[in-house]
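Please keep the sequence and the 3D view open while reading.

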Amino acid sequence: MNEKIERLLQGKGENYILPFFWQHGEEEAILRKYMEVIHECGIGAVCVESRPHPDYCGPKWWKDMDVILDEAEKRGMKVWILDDSHFPTGFCNGALENGPDELRRQSVTYKSVGKVKGGESIVLQKEEYAAAQPFQKSAIEEYALQELKTFDDDIFLGAVAVKEGGQGKEDLVRLKEEKGRIAWTAAEGVWTLYVCHLTRNRGPHRDYMNMCDRAACHKLIEAVYEPHYARYGEKFGTTIEGFFSDEPELGNGHLYEMGKQLSQVDDQPWSREIQAELEKRWGEDWTLYLPLLWDSSFDPELCARVRFDYMDVVTRLVETDFSWQLGDWCREHGVKYIGHLIEDNNQHSRCGSSLGHFFRGLAGEDMAGIDDIGGQVLPQGEDIKIEHFMNGARDGVFYHYALGKLAASAAAIEPLKKGRAMCEIFGNYGWAEGVCLEKYLADHFMVRGINHFVPHAFSPKPFPDPDCPPHFYAHGHNPQFRHFGRLMAYMNRVCELISDGCHVSPAAVLYHGEADWAGGVCMYCQEPARRLADKQIDYDFIPADVFCEEKYHTKLGKTLQVHTQEYRVLIIPECSYVTRELAGAAAALAGEGFPVVFVNSLPTGICTGEKPLAEGRDREGDRKLLDGLKACAVVGLEDLAEYMESLELREVEISPVQPLIRYMHYENGSSMYYFVNESAETYCGEIRIAKTGHCFSYNAWDNRPEKVCKEEKDGHTVLKVCLEPAKSLIVLFDEAPEALYEPAAACGRCMELNEGWRRSTCEAVRYPDFGDAAVVSLPDALEEEQPGFGGFVRYEREADIPAVQNVVLEISHAAEGVELFVNGRSAGIQIVPVYRYDITDLVRPGLNQIVVEVATTLERVVPGKVYPGMTPPVPANHCGIDGTVRVWLR
C-alpha cells in the first residue's frame, strides 16, 4: 500500500498550510488565543503578516513576535515572516526614506518632440527637451496617494531622430546640443524626434528600493532579515521556517497599471547596472537605441531585438540582485524564502506592478508562488468578463488555465523548488465566500499541482475587520470556523499525496514572456493550454530559458526532458519572434522526430543575437534558424486538441465529454489520478485510464479508502463514476488496504423527511445556545424571514427507521456548512452539496433523533462597503436547508 496513504490513515502527515496571521499590535492574550485556535483547526504554521503593525522591527514588534514564537514552540508549529512593513515588498521598512537617492527607483522615459521631413529643419530650445515628461497621477493614484515625493536629479540622456521605416543604426541620429539648444536639418524621409531622460519622479512607490540594483536590494536584508536573525538566530531553521515576499514590483508606470505591453508604457525601470549591461550589448552609442523601446515605425525586427535585450537585462538583474540575493541569504542562515509576484491580467511578463518574467522573478525562491484573491478564480468563471477588475479587464482564461499551472510548472522544472508550489488563497472575496467556495478553490489549485497554501487571513482586530474579508475565526463570530478546520485537514491530506513526487504532463507549452517583450503577434500561453485542459491533456509551461540554462538539466531527443519532467510534445503559442536558443532546440527536436507544434503560424524573426547588437546583426544566421523551423508542424488553435489526440498523448479519456473535468496524474510511490468536477452539473460517465492493476479510491475528506466501480478493457482501466459539482475523486493504483469502505450512495427505498422540522437559530459566539424556535417544512426560506441573520441554524425531528442493512441520509442543498447528529452522535461535517451520510452504524430500528446544524456565511451580518452611487450587493447565499432531506434504505 502507498506509504503516504498508510500514514494518513494513521492520522499522520505533514503540514502544508501557513495562513497569514495579521498583526496590529494586539494584546498578548489575544495573540495567544489566536495561535491556539489556528493550531486547533489542524494548521501547523503561520505566516506573520506585518503590514498593519505599527512598530515593525521595533520594541512592540519584538514583544509580539516573542509571544507568537513561544506559542509556536509549545504547539510544534512553524513561523514564517512577511519581509516588509509596507505592501508591496521593497519598502525596506523605510530604510530609503532618508537613504541615498541612488538606491531608489529610477526610470528611463521619453517624450516625442516633433516630426521632421527630409530637408526641413527644427530648433528645440532647452526648456523643450531638458525636463522629463511630468508624471500625471491617475484616478486611483489621486485616491490612494496623497503626496508623491519629488527629486531634482533628472538626467537628460539625449535627443535621437528615428527614421520612419528605418532599418538599422544608420537611420538613428543623435542630435547635438549646442549653446542650450538643438538644431537639426533632416535627411531624406520622415523622422520622429525623441528626447530621453532618467528620472526618479515616475511611478507611485518612490521610497522603495531599486529592484535592479544589488546594493539597493541588500537594504531589505539589512533592514528586515538581519535584525530578525540577530534576535532569533537560534530559532532559524527550527521554529522560524523562512521569509515571505509579497508582490514585489519594478514599480514604473502607474499604480497597478495593467494590460499594456512594454512599448505602451512611457517609462521603464532603470539602474546603474541596467545601463552597464546595455552598454555591453549596444556599445558606446547605446542611447541611440532607447527610442526603439517605444517607436512603432522602425524595423520591427530591430525593435524586437532592442526590447528583448532591455527586458532580458532587467529581468536578469531582478533574478540575481533581488530573488537570488534574498534566497541565498535565507538558505545560508538555515531558512527558506518564498512569496509571489503579481500575475493578474498577464502582468507576470511585464514591469510596473510585477517583475517582468514569472520564472526569473521567483528564481531564488524555495517554492513557486502565486495568489488567488478577490474573485480571480470563480466557479465556471472561465469566460466571465469583468471590465474593471484589478485595474484591468478580468481574463478568466488566464486565471483558470494559466495561474495555477505557472506555479506548478516552475515547481516541477526548477531543482531548487523541489516540487513545492504555493498559493495565497481565499482573501478579499468578501463575507459571501464560505467554505463551499473555499473547497472549490482549494481543489481548483491542488488538481493543477499546488501543494502549499497561505490562507488569507486570520485577523485578531476587533470584529468586524473590514480589511479584505473573510476572516476565518473572527473572535468566534465566524460560524463556519469548525468547518474551515475540516477543510484544512482535507487540504493537508491531498497536499501530502501530491508532494515529494512528480506529476505527469504529456505536453510542454512555451511560456509567452519573451514573445510579449519583443512585440508583434503574441498569443498568451493560456490559449493553447485551454484546448488541452478541456480535452483532459495535462501540460506544463516552460520558459525559453530551459534551452540555455544548465540548471534545468534539459535533454533533447526522442523526448524533451526538463529536470524531472519528460514531455512528448512541445507547443509554441503564435508569436512573431523567438529566441535563437528556442529556434535551435525546436529544429533539433523536430529532426529527431519529436513533435514540435507552432500554433497558427511560424515565427517571422529572431529576437536575440549570437553577438552583441553593437557588433551588427546576423541576418543570414537568423534566416537559417527560421528555415530550420519549417520541419515543425503548424496547427491552428481550433485544431490543436484534435492534433494532440492524433499523437495519442491522452492518458485519460472521459465519456461522455465534459470539458470541466480536471485531472492530475501524480507518481509518488504509486500512480495516483486526481479528478475534480468544476462544472455546475453532476457528471456521470466513464473515465478511461491508460493503466491497469489493483486500484482503490481515497476519500480525502473522510480519510478512508473506498471501493471503485471499474473494469479492465484493452490494457486500460475504465472507472464508472458519478461526480457531483465541486467534488473530487482520488484513485490510486496500488495494493489496497484490507478494509475498503463502500461509498455512501443514494439507492434503495427512499423516505422523504421534509415536514415537521423544529428550527432554531443562534449567533456563532452564542453556540450552542439556540433559540427562536419554529416548526418549518423544507425547503426552508429563513433568509426571507430573517434577512439579516448569520450564524447557526438547527433543524430537529424524529424519524422512524426500519431494520435494514444500509441507511444513507442525503441533504440535497444547504447553505452551507453542515453537521449531522444522529441520536446525539455526530456523523461529521460536510461543506459541499449533495451532503450525503452513511448513518448505518448510528441508527437503531424505530424512532431516531435527527439533528442538522447549518453554518451560514456572514454576508448578511457584515455587508460589504457601499460607496456613494453604488447599489448594495444582493446576498449571494441562502441560509439553512434550502433543499430537501431523504433517507435511503436497503
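1. Begin with C575. Leaving aside its neighbours within four places in sequence, C575 is in contact with A515, V521, L602 and P603. The model is a predicted one, and every point below should be read with that in mind. C575 sits in the loop between β23 (569-572) and β24 (577-578). Is C575 buried or exposed? Its relative accessible area is 5%, under the 20% cut-off, so C575 counts as buried. A separation can also be given for C575 and Y473: they are 102 residues apart in sequence and 48 Å apart in space, C-alpha to C-alpha.

2. A second pair of positions, P873 and P863, can be described in the same terms. P873 and P863 are ten residues apart in sequence and 8.0 Å apart in space, C-alpha to C-alpha. P873 lies in the loop between β45 and β46 (885-889). With a relative accessibility of 51%, P873 counts as exposed, because the cut-off for exposed is over 50%.

3. Next, look at helix α7 (residues 272-282) and helix α8 (residues 300-332). Their axes come within 10 Å and cross at roughly 140 degrees. α7 and α8 are therefore oblique to each other, since roughly antiparallel would need an angle over 145 degrees. The crossing of α7 past α8 is right-handed. On the α7 side the contact is made by E273, I274, E277, L278, R281 and W282. On the α8 side it is made by V306, D309, Y310, D312, V313, V314, L317 and D321. Sorted by class, this contact has eight nonpolar, no polar and six charged residues.

4. Another helix pair is helix α11 (residues 435-446) with helix α12 (residues 481-497). They pack at an angle of about 10 degrees, with their axes 10 Å apart. That makes α11 roughly parallel to α12, because angles under 35 degrees count as roughly parallel. From α11, the residues in the contact are V435, E438, K439, A442, D443 and M446. From α12, they are H483, F484, L487, Y490, M491, V494 and C495. The contact of α11 with α12 divides into nine nonpolar, one polar and three charged residues.

5. Helix α14 (residues 526-533) is mostly covered, with seven of its eight residues buried. The buried residues in α14 are Q526, P528, A529, R530, R531, L532 and A533.

6. Salt bridges come next. Side chains of opposite charge can pair when their charged atoms come close. How many salt bridges are counted in the model? The count comes to 79 salt bridges. One of them joins the side chains of D70 and R32, at 2.9 Å from N to O. This pair links distant parts of the chain, with D70 in helix α3 (residues 59-75) and R32 in helix α2 (residues 28-40), 38 residues apart. D70 is partly exposed, with a relative accessible area of 27%, and R32 is partly exposed at 22%.

7. Two further pairs can be set beside that one. The side chains of R794 and E853 meet in a salt bridge at 3.6 Å, N to O. R794 is in strand β40 (residues 792-801) and E853 in strand β45 (residues 846-855), and the two residues are 59 residues apart. R794 is partly exposed at 23% relative accessible area, whereas E853 is buried at 3%. The side chains of K727 and E724 also meet in a salt bridge, at 2.8 Å from N to O. Both K727 and E724 are buried.

8. Salt bridges can also join into a network. One such network links R281, R305, D309, D312, R316, E319, R360, D545, E549 and K551.

9. Finally, check the backbone. Most residues other than glycine have a negative phi, and most peptide bonds are trans. The peptide bond from L778 to P779 is cis, with omega near 0 degrees, and P779 is in the loop between β39 (771-776) and α18 (782-785). The bond from P833 to V834 is also cis, with omega near 0 degrees. V834 is found in the loop between β43 (825-830) and β44 (835-838). Phi is positive at H553, near 55 degrees, and at N600, near 75 degrees. H553 is partly exposed, with a relative accessible area of 45%, and N600 is partly exposed at 35%.

Note on methods. Residues numbered from 1 in each chain as written. Predicted model: local features only at pLDDT ≥ 70, side-chain atom pairs only at ≥ 80, totals over all residues. Heavy atoms only, no water. Axes fitted to C-alpha atoms, helices over the stretch in contact; angles between N-to-C directions. Helix = DSSP H or I, 4+ residues; strand = E, 2+ residues; numbered from the N terminus. Parallel < 35°, antiparallel > 145°, perpendicular 65-115°, else oblique. Left-handed = near helix turned anticlockwise from the far one by under 90°. Contact = heavy atoms within 4.5 Å. Nonpolar A, V, L, I, M, F, W, Y, C, P; charged D, E, K, R; others polar. Salt bridge = Lys/Arg side-chain N within 4 Å of Asp/Glu carboxyl O. Buried < 20%, exposed > 50% of the residue type's maximum accessible area, 1.4 Å probe, protein only.
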